[in-house]
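Trainee: I would like to go through the labels used for this model and see what each one rests on.
Mentor: Then ask for the grounds of each label in turn.

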Amino acid sequence: MKTRIDMDFVLVFTLVAFSTCSGFYLPGLAPVSFCEEGKGGDDCQTLIQLFVNRLDSVESVLPYEYDVFDFCKDDNERRPSENLGQVLFGERIETSPYKFSFKKDVKCQELCTKVYTKGKPEDKNMLDFLKRGMQLNYQHHWIVDNMPVTWCYDVEDSQKYCNPGFPIGCLVTTDGRAKDACVINSEFNKKNTFYIFNHVAIKITYHNGEGEGWRGARLVAATLEPKSIKNADAEKPTCEGLPMEVPGEFDSDLKITYTYSVTFEENNDIKWASRWDYILVSMPHTNIQWFSIMNSLVIVLFLSGMVAMIMLRTLHKDIARYNQVDQEDAQEESGWKQVHGDVFRPPRKGMLLSVFLGQGTQIFIMTFITLFLACLGFLSPANRGALMTCSVVLWVLLGTPAGYVSSRLYKTFGGEKWKTNVLLTALLCPGIVFADFFLMNLILWVEGSSAAIPFGTLVAILALWFGISVPLTFVGAYFGFKKPAIEQPVRTNQIPRQIPEQSFFTKPVPGIVMGGILPFGCIFIQLFFILNSIWSHQMYYMFGFLFLVFIILLITCSEATILLCYFHLCAEDYHWWWRSFLTSGFTAVYLFVYAVHYFFSKLQIVGAASTILYFGYTSIMVLIFFLFTGE
C-alpha cells in the first residue's frame, strides 16, 4: 500500500514539474523585456546596453581586453561579475559607450574621435598596437541582452554564415595582396595600408509581447555590418565616403572618428527561446557529425563481435574438452590457463598505477556528469563559463572516489606506504597540471593578455585544491584502506613463471601502439570540432553528439583492452596490469599527434609565445585524456 502511495506521489510530482517547466529559466538566463522611452518600469527596460568582451584572433593565442586597444571607452565603465570559468577562459566583459533607446533608430551617431600626433611616442605605440591587431585579424566580441552581436555574410553555395565576432580592420600588404576582410571591398586596394572598421550599422530584431502575456518586447537577434568610412568633418559625420585608411608608415597626424547607426525590426516569428538558432544553424558540419557517430558505431560493433566470438570460442572449446572421455587430456592446460598462478601477481610500480587509476576515476566521473548536464541544456553557450566552472567544481568535489580507488588497489597490490599513496593521489597529476598552467599564465602575464589569471583567482584555485580536494582524497583513502584487500579468485605462485619468447605483435610496445588506434578512430572527427571551438573561437553546442561519442569511446577502450589482454595471456605473458592501462591510454598519444597536425595544417598561429601556449595547453589536455582513457 505504501509503495502504491509513493508511486502516485512521484507521478503527480512529475506532472506538476512538466506543467510548470514553461516558466522555468536557468539562473541569469531569464528573458528581459524592453519598452519605448516613457513606458518603462521595473519589469520593462528602456535602455539597451551593449557590452564588449575580449578581442581574440585565430593567428594568436593571446586575447586582449577591449581597453588595451585605443577604442572609445565608457565614461561610467562597469564590469558584471564573472564566474570561475569565464576568468579561466580569459573573458573580460565590460560596458561600452554604445547605448540605445529601444525602438529609437539612430543614423550616423558620432561616438568619439581619436587623434594620433606624429612625434608623440605614446600615440605611436597605441597606433602600432592597433595595426598589429588588424594585421593578426583580431576580432571584436560584442554582447546585447546576453546574446552575441553577429556579423552575417554569404559564403559558398549561397549559404549565410553568422560570425559572433567581427574584425578590427584589415591590411593590404606591400605587394598589394588583400588580407582577411579586405577582400570584401574593392576600394581596399592601397598597398601597405590598413583599413579600420570605424563604423558599425547595427540591426536589432525584437519579438513584440502584445497578446503573448508579457509586457513590452524581447530581443531575438542582433546583427551588424562593419564599415570603414573616412568622415571629412568629425563633428558632423555623414558616414559616407572613402574608406578610413591607416598608412603603414606613421608619417603624418591621423584622426579616426568612430560612429554607429541603429535600426530596429519587429519579427514575431522568432521566439525568445530559439533566438540562438540563426547562429547555430549557420554553422556547417551537422551531416559530418552523423557520419562521425556512424563511423564510431561501426568500430564498436566490430570490436563487440570480436569479443563475443572469442568468448564463445573459448567457452565452446572448454566445454568440448571437459566433455571428452579421456579426462587426463582434459586436465591439460594450454594458453592463458597456464598463467593462472601468476596472473594476479602485483605489477611493478604498483604505487604509480594505483595513483593513475584513482585520478582517472575522478576525471571519468567529472566528465560524465559535466556532459550529462550539458546535454540537459544547463551548460549552453548562453550560460557563459558554466562548462569550465562545472568541471572544476566537480573535480574538486570528487577527491573521495580518487582516494578510495587508489588506496583500495594499492592495498590489493600489497603496498604498505599508505601515506605516500594518498599524497601522490592528491598531488601528483593535479600538481603537474597546475605547474604547466602556472607557466602558461606567466607567459600570458608577460604578454599583457587578458587570459592571464589574476593572482586572487590563483589563490582561490589553490584553496579549492588544498582546502577541499586534498581532504576529500584523504577521506576516500581512509575508507579504501579500511576495507579488506580485493580477494583474488586464484592463489599466486611463489616463484614467477618464465615468460616464453613473444612474437612481434604480442610484445608490449606494438600491442600498446595498436591498442590506441581504434579508440582514436571513434573520436577524431569530433576532436576536430572541439579543437575548432578552442583555437578557432567557434561555438560548440552539439553536446548530445559529444555525449554519444563519449559512451562509444568508453565501450571501444574497454573492448580493445579486453581483446589485447586476451591475446597476451594466450601468449603466456601475465604482465597485464600496466599493459591494460597503457593500451587504451595510448589514445592520448594519437591525440597529441593530431593536435600537432592540426597546428600546422589548420591554424595560422604566429609568434613564439602563442606556439608555446598552444602546446602547453595541449599537454594538459593530453595528460587528462591519458588518465581518462587508461582508467
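**Labels and their grounds**

Mentor: In this predicted model, confidence is lowest in helix α1 (residues 2-19), with a mean pLDDT of 35, and highest in helix α16 (residues 587-601), at 94. The pLDDT is the predictor's confidence in each residue, from 0 to 100; helices (H or I, at least four residues) and strands (E, at least two) are DSSP runs, numbered from the N terminus.

Trainee: Over residues 1-28, what is the pLDDT, and how many contacts does the stretch have beyond near neighbours in sequence?
Mentor: The pLDDT there is below 50, and the stretch has seven such contacts in the model, a contact being heavy atoms within 4.5 Å. Where pLDDT is low, the predicted coordinates should not be read in detail.

Trainee: What ground rules apply to the rest?
Mentor: Residues are numbered from 1 along each chain as its sequence is written, and side-chain values use heavy atoms, with hydrogens and water left out. Local features need pLDDT of at least 70, side-chain atom pairs count only at pLDDT 80 or more, and totals for chains, interfaces and linings use all residues.

Trainee: Why is Leu472 called partly exposed?
Mentor: Buried means under 20% relative accessible area, exposed over 50%, and partly exposed in between (1.4 Å probe, protein chains only). Leu472 has 23% relative accessibility, so Leu472 counts as partly exposed.

Trainee: Which residues does Leu472 touch, not counting those up to four places away in sequence?
Mentor: Leu472, found in helix α11 (residues 455-482), touches Val396, Leu397, Gly399 and Thr400. The C-alpha atoms of Leu472 and Gly399 are separated by 5.0 Å, although the two residues are 73 apart along the chain.

Trainee: What makes Lys203 and Glu265 a salt bridge?
Mentor: The rule asks for a side-chain nitrogen of Lys or Arg within 4 Å of a carboxyl oxygen of Asp or Glu. Their N to O distance is 3.9 Å, so the pair qualifies. Lys203 lies in strand β14 and Glu265 in strand β17 (residues 254-266), so the bridge ties together parts that are 62 residues apart in sequence.

Trainee: Why is Arg215 called partly exposed?
Mentor: The relative accessible area of Arg215 is 37%, so Arg215 is partly exposed.
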